[in-house]
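Have a look at the fold first, then read on.

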Amino acid sequence: MAKSKLSFFFFFLLLLLAITSAGDENEPFVGVNIGTDVSNLLSPTDLVAFLQLQKITHVRLYDADPNILRALARTHIRVIVGVPNNQLLAIGSSNTTAFSWIKRNVVAYYPTTLIAGISVGDEVLTTIPSSAPILLPAIQSLYSALVASNLHNQIKISTPHAASIILDPFPPSQAFFNQSLVSVILPLLQFLSKTGSPLMMNLYPYYVFMQNRKVVPLDNSLFKPLTPSKEMVDPNTLLHYTNVLDAMIDAAYFSMKNLNFTDVMVLVTETGWPSKGDSKEPYATKDNADTYNSNLIKHVYDRSGTPLHPETTSSVYIYELFNEDLRSPPVSEANWGLFYGNTTAAYLLHVSGIGSFLANDTTNQTYCVAMDGIDSKTLQAALDWACGPGRANCSEIQPGEACYYPNNVKNHASYAFDSYYQNQGKSAGSCDFKGVAMITTTNPSHGSCLFPGSKTMTNKTKQVVNSTQSISGGDRFRLRGFRSTIINQGLHSFLAFGFLTMLLLFLL
C-alpha cells in the first residue's frame, strides 16, 4: 500500500510539473522604456495603473527607483532595472558595493516585484569609453551577488550598446565589431554566453535614415510594405531585407559570429521614432512615429524573426513611454514618447488585432474642435449655445482654471464643443454647431489643460488605481534563460493547492 501511495505521489508531481511548464513558451514581446525627465510625472501608483490600463507587461527603468519598484509589486509586470553610469566605478571596484546594490535594489523586492533583468550602464563603450575597463568587472560583481542570493537563473545581467559599436553594418554579412572595443566585447560575450544573457542593443533606424537619406529609403526605415525591387539584398548571403531594423539586428548576429558566438540572443533595449523635431529634422513627425511604432509592434507579434534567424524574433523596448519635456535640445529629444506626461496619446497608434499590448487602441479617440478661419462672432454664438442649452461642462475655461488660456474664443469654443461631443457619445451630427466645428484625431489638450475626450483615459487610470485588478504578464522574453520562472502565480497556487489536497487524501 505504501508503495502504491508513493507511486501516486510521483505521478501527481510529474503531472503538476508538466502542466505548469506547458505555459512557459518563449514568446517575443514589446515593452517600453520609462524615462523620468517629465514635468508633473505621474505618481508611481498612477504610473503603474496606467501601465496596467495599457496592457504593458514589460518595462525598463534607467535606475532602480524604489517607489516604482514597490508600486509594481504583485502586478505581473516584468521590469529591467538599471545601474546608472555614474555608479559603475563603485560597483566594479568593490564586491561589497555590488552585493549591497543587489540586496537593496533586487533582493528587497523580488519576487513580489518581477525583476527580470539588470542593465548595467547605458552605451558605456561609446559615451564614456574611459569606463570601458570597469564595465565587465561591474557586471561580474553583480552576477556574483545574484549567485549568492540564488537569483542568477531568474535575473539576467547585460549592458545596452549603441549601434555604433558595429562597423560596416550593411550588408549585415560584412558587419563587425569596432576592433578597438573587441578587448572588452569578447570577454563580455563569453560572459553572456555562459550565463544565457542577451546582447542588449539600442537600435534606431531613424538615425540610420537621417545619416544615409540618399541611400536608405524612408519606407524601408518605417517597415512599410515594399515591392521586391525595393528590398535591400545582402550580396553575400542573398538574404532580402524589407526593413532597416532587421538588418541592424542581423548585423549584430554576424558581428558575434565573427567572434565565434552563435548562442547569444539580441534584445533590442531601445528603438523608436520621434514625433516632432526642429527644422533640421523634417522626418520627425507624428505620422512617421505612428507608422514606425505601429509597424514595429505588428512586426514583433508576427514572430517572423529576421532573414538570418527567421526562427528567432527579438523582443523590443520602445523608446519611450512619455515625452520627456525636460530634455535639452534638439527638439526631437523631448518627443520620443507614445504619450504625453498627462497620459494622453502623443499620436494615434494603429495596433488593432496584435494582442493585448496597448489594447486601448488610440485610433478610436476623436475630438471636436472649432474650425480655422471662422469669425469670432459666429464662434461666440456657438460657444454660448454649447455652454447653455447644450449643457457642455465649461467650468475649465473659466478664469483661473486649467483651460482658460489661451484666452480666446476659438480655444474656449473648442473645449466646449468637445465637451458636448463627448457627452453625446460622439454621435453623428454632435460635432457641427452650424458648420463651425470639425472632428479631429489630434488631441487638442495642451499643458495642464486636458480636453474632455482625453479625460476618459485619465478616469480609467484612476479606476484602475482604486481597484485591486492586475493583469497577467502573458508575454515572455524570447531569450534563453532571460525570463522569470514565475509564469502565473494564480495558476501555480491553484495547482499547488490541488496537488497538496490530493496528496493528503491519498496518504492519510
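Is Cys-431 buried or exposed? With a relative accessible area of 12%, Cys-431 is buried; buried here means under 20% relative accessible area, exposed means over 50%, and partly exposed is in between (1.4 Å probe, protein chains only). Before going further, keep in mind that this is a predicted model, where local features need pLDDT of at least 70, side-chain atom pairs count only at pLDDT 80 or more, and totals for chains, interfaces and linings use all residues. Residues are numbered from 1 along each chain as its sequence is written, and side-chain values use heavy atoms, with hydrogens and water left out.

Back to that cysteine. Cys-431 forms a disulfide with Cys-368, the sulfur atoms sitting 2.1 Å apart; the cut-off for calling a disulfide is a pair of cysteine sulfur atoms within 2.5 Å. The two partners come from distant parts of the chain, 63 residues apart: Cys-368 is in strand β14 (residues 367-370), and Cys-431 is in the loop between α14 (409-423) and β15 (437-440). Helices (H or I, at least four residues) and strands (E, at least two) are DSSP runs, numbered from the N terminus. Cys-368 is buried too, at 0% relative accessibility. The torsion about the S-S bond of Cys-368 and Cys-431 is about 90°, so this disulfide is right-handed.

Searching the whole structure turns up 3 disulfides. Another one pairs Cys-387 with Cys-394, with 2.0 Å between the sulfur atoms. Here the torsion about the S-S bond is about -95°, so the link of Cys-387 and Cys-394 is left-handed. Cys-387 is partly exposed at 32%, while Cys-394 is buried at 8%. Then there's the disulfide of Cys-403 and Cys-449, S to S 1.9 Å, which is right-handed with 105° about the S-S bond. Cys-403 lies in the loop between α13 (376-387) and α14, and Cys-449 in the loop between β15 and α15 (452-465), so this pair ties together parts that are 46 residues apart in sequence. Both ends are tucked away: Cys-403 is buried at 0% relative accessibility, and Cys-449 is buried at 1%. Count the bonded cysteines along the chain and the pattern reads 1-5, 2-3, 4-6.

In α5 (residues 95-107), Ala-98, Trp-101, Ile-102, Asn-105 and Val-106 are buried. They cover an arc of only 100° around the axis, which puts them on the same side of α5; that arc is taken from the directions from the helix axis to the C-beta atoms. What do the buried residues of α5 pack against? Their partners are α3 (66-71), β3 (78-83), α4 (88-93), β4 (115-120) and α7 (132-148), where contact means heavy atoms within 4.5 Å. At the start of the helix, a side-chain oxygen of Ser-94 comes to within 3.3 Å of the backbone nitrogen of Thr-96.

His-58 is buried, with a relative accessible area of 0%. Arg-60, also in strand β2, pairs up with Glu-270 of strand β12 (residues 266-271), so parts 210 residues apart in sequence are tied together. This is a salt bridge, with the closest N and O atoms 3.2 Å apart; the term covers a side-chain nitrogen of Lys or Arg within 4 Å of a carboxyl oxygen of Asp or Glu. Both partners are buried, Glu-270 at 6% and Arg-60 at 1%.

The structure holds 8 salt bridges, and two others are worth a look. Lys-410 and Asp-372 meet at 2.1 Å, N to O. Lys-410 is in helix α14 and Asp-372 in the loop between β14 and α13, 38 residues apart. Lys-410 is partly exposed at 33%, whereas Asp-372 is exposed at 59%.

Conventions
Polar contact = N/O pair within 3.5 Å; in protein donor to acceptor, adjacent residues only side chain to side chain.
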